[in-house]
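Visitor: I am new to this structure and would be grateful for a close look at a single part. Please guide me through the aromatic rings and their surroundings.

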Amino acid sequence: MRYLPALLVCLIFGSSATAADWNQYLGPQGDGHAAGTAPLTWSEQQNVAWKTPIHGKGWSSPVVWKDQIWLTTATEDGTRMYAVCLDKNSGKVIHDVLLFENESPDFCHAFNSYASPTPFVEEGSVYVHFGKYGTACLDTKTGEKRWERRDFACDHYRGPGASPIVHDGLLFVSYDGFDVQYLTALDKHTGETVWRKDREIKYESAPDDGDKKKAYSTAAIVTVAGKELLISPSSGATIAYEPKTGKEVWRCNHGGWNASIRPIFHQGRAIIDTHSRGLGTVAIRIDGKGDVSDTHIDWSHSKTGRQLPNPLLVDDLLYLVDSLGVMTVLDVNDGSVVWKHRLGGNFVGSPLYLDGRIYVANLEGETHVLAPGRTYQSLAVNKLDSGCMASPAATGDGLLLRTTTDLYYLKTPAGN
């Protein structure tokens with residue numbers, strides 16, 4: 001196999017975030033890795049610094065900047081959409097901003113929510129996104145709206161899900177629906193469109209099969225040999241763009257559908273889950289040009305179930321949790337299976353690597369804490385009253401878990 005030298009590839013970090021600033025979906029590096037500490041065990045009575053109810057229904061993950069925590073929520077019927085800010089130290093709600101009202105929202109599957117995309121936060125600004133229903137920038141101090149966009153059309157078919165990212169003055173977000181599929185770059189200061197690029201994917205399915213066209217994936221930016229690439233998976237293909245212009249650099253037509261995974265990078269390759277029965281999880285070399293479908297897939301692994309949680313890479317091991325609770329661990333160098341274990345329960349939120357441990361929470365209210373390694377080793381299973389659709393977030397000295405009803409700050413008391 002061919003590998004790019006490690007020095008030629010680097011992941012773009014997010015907006016000068018520190019160890020305590022979990023500023024976007026999957027954290028500052030977009031890979032689910034966090035610095036700091038977190039408790040090994042907890043319950044409703046143990047190691048809970050605070051617990052705050054969150055109104056409405058929203059599966060977005062919390063993001064953290066300094067002493068602020070931001071997340072989004074919506075009414076279950078999607079007629080009202082909110083941005084909520086809490087004080088990290090007390091759990092008190094600082095801002096609860098009604099952003100958008102919708103008279104007749106499109107259908108959203110009960111498993112999804114109208115507030116599933118995770119915000120992006122940086123010094124002074126938070127960017128929230130609700131798919132076609134609106135994107136906005138808020139002042140983090142006052143909660144006031146600086147700009148909004150509500151003019152991007154898309155039939156999400158089952159509801160929105162892709163999260164925004166911000167880099168070098170631009171906000172990127174994908175609209176992959178039944179009717180249209182495209183990527184946009186907005187000026188983060190004004191919300192004005194800098195570029196828009198249609199996907200132009202040739203789908204394998206019938207024209208009326210919306211499930212084979214919609215997607216929910218969040219893009220990632222890497223530097224390859226001194227040039228930046230915006231890599232964005234979609235149903236049927238993964239495409240790399242020039243971030244400044246939207247010019248397509250390469251595409252890999254891998255088939256599959258319902259892409260929901262943010263790319264994970266290792267040794268010059270992007271790890272993508274295609275939801276394809278033929279390929280499944282794939283490793284695509286990212287140094288190509290044009291159509292790389294037949295030349296740049298290093299390995300694939302199809303013996304995993306439906307992937308909703310993002311993969312987690314720790315050292316050379318790739319941890320995959322399917323929606324039915326089976327964890328499969330692959331050697332990221334060749335895609336071979338290292339071990340497989342049924343955790344039990346149903347999983348949507350992505351795993352987190354923190355304090356030398358892997359944390360992954362399910363819909364039944366259980367968070368499994370595992371030791372990384374070439375054999376399965378459970379360290380703890382912690383139970384809360386409600387389960388998690390959102391992915392966990394780190395604060396530097398603790399863990400944020402958003403359940404379907406509340407936001408928990410889990411922290412070991414000082415001196416323990």
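**The aromatic rings**

Guide: Phe152, Tyr175 and Tyr182 together make up one aromatic cluster. The model in view is a predicted one. Tyr175 is buried, its relative accessible area being 1%. Tyr182 is likewise buried, at 0% relative accessibility. Tyr182 also has a charged neighbour: Arg196 lies over the face of Tyr182, at 3.5 Å from the ring centre.

The structure as a whole holds 13 aromatic pairs. Another of them is formed by Tyr157 and Phe178, whose arrangement is edge-to-face, with 5.1 Å from centre to centre and 70 degrees between the planes. This pair links distant parts of the chain, as its two residues are 21 residues apart. Tyr157 belongs to the loop between strand E11 (145–149) and strand E12 (165–167), whereas Phe178 belongs to the loop between strand E13 (170–176) and strand E14 (181–187). As to accessibility, Tyr157 is partly exposed, with a relative accessible area of 23%. Phe178 is also partly exposed, at 21% relative accessibility.

Notes:
Residues are numbered from 1 along each chain as its sequence is written. This is a predicted model: local features need pLDDT of at least 70, side-chain atom pairs count only at pLDDT 80 or more; totals for chains, interfaces and linings use all residues. Side-chain values use heavy atoms; hydrogens and water are left out. Rings of Phe, Tyr and Trp (its six-membered ring) pair if their centres lie within 6.5 Å; planes under 30 degrees apart count as stacked, over 60 as edge-to-face and the rest as tilted. Helices (H or I, at least four residues) and strands (E, at least two) are DSSP runs, numbered from the N terminus. Buried means under 20% relative accessible area, exposed over 50%, partly exposed in between (1.4 Å probe, protein chains only). A charge sits over a ring if NZ of Lys or CZ of Arg is within 6 Å of the ring centre and within 35 degrees of the ring normal.
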